[in-house]
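Student: I have a chain to go through and would like to talk it over. Can we start with one of the helices and work outwards?

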Amino acid sequence: MRAIVRYLTATALGLVICVSVFAQEAPPPISLTLKRAIELALQNSKDIQVAKIQASIADRAAMINKAQFLPNFYAGSGAGYTYGIPETPGGRAPSVFNLTYTEQVFNEPLRGQGKEQFEQAKAQKIVLEDVRNSVIVRTASAYLELVKVRHATELLGKEQDSADKILGVVQQRAGEGFELPVEVTRARLTKAQVTQRLLQLQGRQDELEIFLRSQCGLAPEQSIEVTPEDLPGAAEQEGANLIALAMQDNADLRLAQSDVRAKEFRLIGEKRGYWPTLELVSVYSLLAKFNNYDQFFNHFQRNNYNAGVQAQVPIFSASVKANVALAKTNLEASKATLANKQNQVSADVRRKTRRVRETDAGKEVARLELQLAQQDLQQLQARFEEGKVSLRDVEKSRLDENEKWMALLDATFQRQQAQLDLLKTAGQLDKVLQ
């Protein structure tokens, strides 16, 4: 008996310790504003980290070409067994030790390729900005939807209470013979529909919370508190102003402009391929007699040094002509892409501006419908207190009010999404939400 008591006591203590440890390890809830959620997402986004690495790779790749216009020193050895005239596959005499110095001074095709690569590296930074904007849109959209879903969940909880009351009244009246069985079925259907929508919203809320925790770098089980917020009014500008801003700041348009500049640099360089090229060269070699130099040459000198300029003047170069033709074609294609992108961005800004206005009008309609439903509910409640209407009529009106609330939440969220889309297209998203 004592053994059983000791076992139960130890088990209870173990459970208490486990619960205590779990309670201590559970992270406290965090209260997030929209701005704070975006800040955390920008700090913890894996997409941004990958884009930064890609931008760094583009910078390093551009430096490879530029390095040929900087001093380059090489050290090596070509000493080895020789039979006959001492030479190496590269054309230089085998040496115990050698130093080579090279530096491009004037090579316009190579310089044009380098400028093209540097412009492409700049374009990669524009891609990084676009990734940041995408992170902002996803985070803001998830935050605002979570606010909407939680509010809608509260409203559906009230609808569930109203549906229960209606079902109870209808069942009572049906039992007394004042209602047909079809009314009971209709009331049960209403309750089942509310329950279904509530489960769907709870599932969506869980998905949004998981996404926000992942984006913001929060603990997996950390609860999030959000507050209803609206976006700044920067999207309320006139369409012409937003079009002008989009022509300057739209990421896709800036990428197309950068591509045109890169192709122009390449074409200029290829056209100058008919010009001479100059390269600084210098070689020092330390020779040894065991390579039989004294048997094949009149004079042996151990230390040898050569320095000068290597110049090449193209007389006829079919490759230069082909490279120029290719560069011209690529530039024409880039300019055509840029023109199409300008037309597309202008049309997108106009379309999305109209979308914001439409959703704003939809929000106003939803607000007035809610106001009307609230006024109707007030009148029914007054008549119910006077005994002129039944409880079922009041609860039906309350259900209608909750539905109008849901419609207003949906209309508000649709307007916010339209604003985010417009701000991203106009290139103003980071200026408004950061």
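Tutor: Fine, starting with helix 2: its residues Leu-34, Ala-37, Ile-38, Leu-40, Ala-41 and Leu-42 are buried. Buried means under 20% relative accessible area, exposed means over 50%, and partly exposed is in between, with a 1.4 Å probe and protein chains only. Helices here are DSSP runs of H or I with at least four residues, strands are runs of E with at least two, and both are numbered from the N terminus. This is a predicted model, in which local features need pLDDT of at least 70 and side-chain atom pairs count only at pLDDT 80 or more, while totals for chains, interfaces and linings use all residues. Residues are numbered from 1 along each chain as its sequence is written, and side-chain values use heavy atoms, with hydrogens and water left out.

Student: What do the buried residues of helix 2 pack against?

Tutor: Strand 1 (30–32), helix 3, helix 4, helix 5 and helix 11. Contact means heavy atoms within 4.5 Å.

Student: Which residues touch the most other members of the largest nonpolar core?

Tutor: Leu-32, Ile-38, Tyr-143, Leu-420 and Leu-433, out of 41 residues in that core. A nonpolar core is a set of buried Ala, Val, Leu, Ile, Met, Phe, Trp, Tyr and Cys residues joined through side-chain atoms within 4.5 Å.

Student: And which elements give two or more residues to this core?

Tutor: Helix 2 (34–44), helix 3 (46–66), helix 4, helix 5 (181–216), strand 4 (224–226), helix 10 and helix 11. Helix 4 gives the most, with 14 residues.

Student: Which lining residues lie nearest its centre?

Tutor: Asp-130, Asn-133, Asn-250, Ala-251 and Lys-424, from a lining of 20 residues. By class, the lining has two nonpolar, six polar and twelve charged residues. Asp, Glu, Lys and Arg count as charged, Ala, Val, Leu, Ile, Met, Phe, Trp, Tyr, Cys and Pro as nonpolar, and the others, Gly among them, as polar.

Student: Which helix gives the most to that lining?

Tutor: Helix 9, with five residues. The helices that each supply at least two are helix 4 (108–175), helix 7 (251–271), helix 9 (318–385), helix 10 (391–425) and helix 11 (429–433).

Student: Now some single residues. Is Ala-288 buried or exposed?

Tutor: Ala-288 is buried, because its relative accessible area is 5%. Ala-288 is in the loop between strand 5 (277–286) and helix 8 (293–296). Beyond its neighbours within four places in sequence, Ala-288 is in contact with Val-96, Tyr-293, Phe-300 and Arg-302.

Student: And Pro-28, buried or exposed?

Tutor: Pro-28 is exposed, with a relative accessible area of 57%. Pro-28 is in the loop between helix 1 (2–25) and strand 1. The C-alpha atoms of Pro-28 and Ala-219 are separated by 9.7 Å, although these residues are 191 apart along the chain.

Student: Where is Asp-161?

Tutor: Asp-161 is in helix 4, and is partly exposed at 46% relative accessible area.

Student: Last one: how many helices and strands does the chain come to?

Tutor: Eleven helices and six strands. Of the 434 residues in the chain, 37% are buried.

Note on methods. 1 Å grid on protein atoms, 1.4 Å probe; cavity = no way out; pocket = protein on both sides within 12 Å on 5 of 7 lines; lining within 4 Å.
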